[in-house]
Amino acid sequence: MFRRLLDLVAMPASRLAHQDRNMVGDILLDMLFHANTRERMLCASRLATSREAPRRLLRYLAQSSFEIAQPLLEQNEAFDASDLSEIVEATSTDHRLAIARRKIVAPGVCVALAEHGESHVVREMVENAGAVVPESAMDKLVMRSRDESQLCALLVERLELRPSQAMAMFWWSDSPVRRKILQRHSADRIEVIETCKDVFEIMASEKWADPVARKALQLIERRQRNREALDRSPFDSLESAINSAALEGMTSELAQEIGYLCGIKPVTIAKILSDPGGEGLAVLCKATGVKRDFLPVLWAALRRPLEIDDGQIHPQFELVAETYELLTVAKAQTTLRYWNWSLSAAFSAQALHESQGTGEAANEEAAFSTSQRTARLVFGS
């Protein structure tokens, strides 16, 4: 009886009516509750390539032990995203690994796999070109990559990686990944600047009174340095401040002054100067028009070695110098301004929902909490 019913369920659509197939599938499912492992494996193997088999029957088999479920999870294309998400939640790591390797992994399934957070499953999913990773799952994976550095090299190859996520991941990535991020995710802003150039004139005539527009224009403006800060500075140029730091050592006051002259916030300059890799220094110098001759001066100001014992250039400084040469001024400016702007940007859907609270105080609290979340994402603070 079991074999006859299985033959019916496995028939192509042209030979068995939809109603008959589902009725037979219900009977077969009831029989499977009492079947042994060998019989269940036989059923799963026969239905591995059947797109017409009742999904209730397929879900039951796919949630059985892995030796039964494996052929279905690897081959059957009848499952939709809801089915696979249910299987992800109800089964074992082996089941989830098989799902991560499927020819097509839908966005909702990727979210479910990312939330489980099993390292080898997540890596398999990210390496799978057929997986469609949605933004919410990518956010989770980018945060996860802070503790699992091997994920960075995989994520940077994904087309779904957004510039905001890549710029966040930059800070805990190794040099090859950082180079790819700067090459692929920096923009020159030419069209943006051209479209908004009249707004700068309006804002200047209003003495930059609108705080929302002023913050937005921080990312778009083309100024390389803060001229107002230079007028108030004890140094006659940014280069003079760098020279002073090389002679006296980089104090917190000097670091803050360099940040002001560059037009960036204290927390941004602190992050760049304290970054072990140093590629941020190349971005800083290229973005602010500091000539390449001053890059080793800034490096020395941080008491980092320029040479190794045999007189050759230190490998880490060589990477930083190559990064300086690699970047265009426009893309370096965009990168630096994005790092600076993102500390106080409220661009998530969750932030929008929070900002719809009652009263001005609720809006201010939502904006503050959003900026803190963004700071943690970008700078890990």
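Residues are numbered from 1 along each chain as its sequence is written. Because the model is predicted, local features need pLDDT of at least 70 and side-chain atom pairs count only at pLDDT 80 or more, totals for chains, interfaces and linings use all residues, and side-chain values use heavy atoms, with hydrogens and water left out.

**Exercise 1.** Work out which helix gives the most to the lining of the largest pocket.

Step 1: Start with the space itself, about 650 Å³ in volume. (A pocket is an open set of points on a 1 Å grid where a 1.4 Å probe fits, with protein on both sides within 12 Å along at least five of seven lines; lining residues have an atom within 4 Å of a point.)

Step 2: Go to the centre. Of the 26 lining residues, Glu221, Arg223, Asn226, Glu228 and Gly263 are the closest to it.

Step 3: Check the helices (DSSP runs of H or I, at least four residues). H14 (190–205), H15 (211–220), H16 (227–232), H18 (252–262) and H23 (329–342) each supply at least two lining residues. H16 comes out on top, with four.

**Exercise 2.** Describe how H1 (residues 2–9) and H2 (residues 18–32) cross.

Step 1: Take the axes, which are lines fitted to C-alpha atoms over the stretch in contact, with angles from 0 to 180 degrees between N-to-C directions. They come within 9 Å and cross at roughly 140°.

Step 2: Name the arrangement. H1 and H2 are therefore oblique to each other, since angles under 35 degrees count as roughly parallel, over 145 as roughly antiparallel, 65 to 115 as roughly perpendicular and the rest as oblique.

Notes: Grid points are joined across faces, edges and corners, and a volume is the space filled by probe spheres set on the points.
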